Amino acid sequence: MMTNLKPGPDVNRRITLAAHPNGLPVASDFHLVTEPVPRPGEGQVLLRTHFLSLDPYMRNLMDRIGPGYAPPVPLGGTMPGGTVSRVVDSRHPNYRPGDLVIANAGWQDYSVSDGNDLLAVADMARPSLALGALGMPGFTAHVGLLDIGQPKAGETVVVAAATGAVGAMVGQIAKLKGARVVGIAGGDYKCRQAVDDLGFDACVDRHAPLFGEQLAAACPAGVDVYFENVGGDVLSAVLPLLNSGARMPLCGFVAHYNDSAASSPGANQLPQFLAAILQKRVRVQGFIILDYYGERFDEFRREMGEWVNHGKVKAVEHVVHGLLNAPAALSDLLQGRHSGKVVVRLEA
Ligand code: NDP
């Protein structure tokens, strides 16, 4: 990490990509740059980052070849990320100093925007929720579960990474729709959290030696909706339990994001996957949440806002303090060390 300027009110710190990770990201994959705070040009605003969202997709963007739906971060490029930011200077007709916005400022203290990528947010008690339950992960859960999974009352919905940013929302929404909800999470603590705090009917520890048997026991009527967040061994355990006509919103496969050319390919699970999809007449649909903002975001914000305000949906967060802790926190997130939506609170 290189420091050109001492931290201060006139200094912007930003974290850039120094190297493409080989497996899990490590400290040397990142680089700290300090530079003068940028000035907004005509039609632009200067933003101060308050909260930075950390998300699994960031790992995909660190690879040499990107995931297809977004360009990879070039070496030396600022790490990307959604933020809750405050306008501190404005030369834009629609924004005034003090306005709170959702932005794509990335891993840095200050950023400049022309306003096109900003979403105004009303000042709220917990503005970080705009990056979690009321933001991208909550929206992903809402669209994936309701539009694609289409759970009916009494059906069984299974979701892995069950206490994570997306999974916790999937399970709680499915409960509101009358489904039986079974979570899969890493460890006893998270499983208790899914049942006791989030209201899941059951939750199975993916590290347990008898994980497959325990999952089958928790789903006596099979699985009607499997919200796919992880892939890997979890997917293999769910496949035999799928009911005929099951739906599988394919949201992500985080178990494989750190795979590298050197990783062992493991057993070829594709034939098992194809057989289950075919024989059980399963409808699998991948989706990228970016495609849905225009048509569906306002409706989601209204509905989820009411659920959160009335205590029907709980928003669990893990707050990391300080921009410089973001690299380690991303690595922790990818290893399942936290539950809830992971956000970094930047120094004021
Ligand atoms: P989470 O907050 O759930 O964090 C990731 C979790 O994945 C970890 O906490 C861990 O939970 C679990 N995990 C990590 N490694 C493994 C593994 N080897 N096997 C099984 N589980 C593992 O992340 P998000 O809620 O933000 O994202 C969940 C998924 O949704 C990701 O795949 C992400 O890429 C995807 N996503 C897709 C979007 C889209 O538009 N399609 C938009 C947003 C997210 P635990 O240890 O408890 O199992």
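How many residues of domain 1 are in contact with domain 2, and with how many residues there?

1. The model is a predicted one. In it, 16 residues of domain 1 contact 13 residues of domain 2.

2. On the division used here, domain 1 is made of two stretches, 11–132 and 315–345, while domain 2 runs over 139–289. The centres of the two domains, taken over C-alpha atoms, are 29 Å apart.

3. The size of an interface is often given as the accessible area lost when the parts come together. For domain 1 and domain 2 the buried area is about 1200 Å², and carbon and sulfur atoms account for 55% of it. On the side of domain 1 that touches domain 2, seven residues are nonpolar, seven are polar and two are charged.

4. Between domain 1 and domain 2 there are zero salt bridges. Polar contacts do link the two domains: five residue pairs, with both residues at pLDDT 80 or more.

5. For Arg206, a polar side-chain atom is 2.6 Å from an oxygen atom of the ligand; for Tyr257, an N or O atom of the side chain is 2.8 Å from an oxygen atom of the ligand. Cys251 uses its backbone instead: a polar backbone atom lies 2.9 Å from a nitrogen atom of the ligand.

6. On its own the ligand has 910 Å² of accessible area, and the protein covers 90% of that.

Definitions and conventions: Residues numbered from 1 in each chain as written. Predicted model: local features only at pLDDT ≥ 70, side-chain atom pairs only at ≥ 80, totals over all residues. Heavy atoms only, no water. Domains from an automatic or database assignment. Contact = heavy atoms within 4.5 Å. Buried area = accessible area lost by both parts, 1.4 Å probe. Salt bridge = Lys/Arg side-chain N within 4 Å of Asp/Glu carboxyl O. Polar contact = N/O pair within 3.5 Å; in protein donor to acceptor, adjacent residues only side chain to side chain. Nonpolar A, V, L, I, M, F, W, Y, C, P; charged D, E, K, R; others polar. Areas by Shrake-Rupley, 256 points an atom, 1.4 Å probe, with all protein chains shown as cover.
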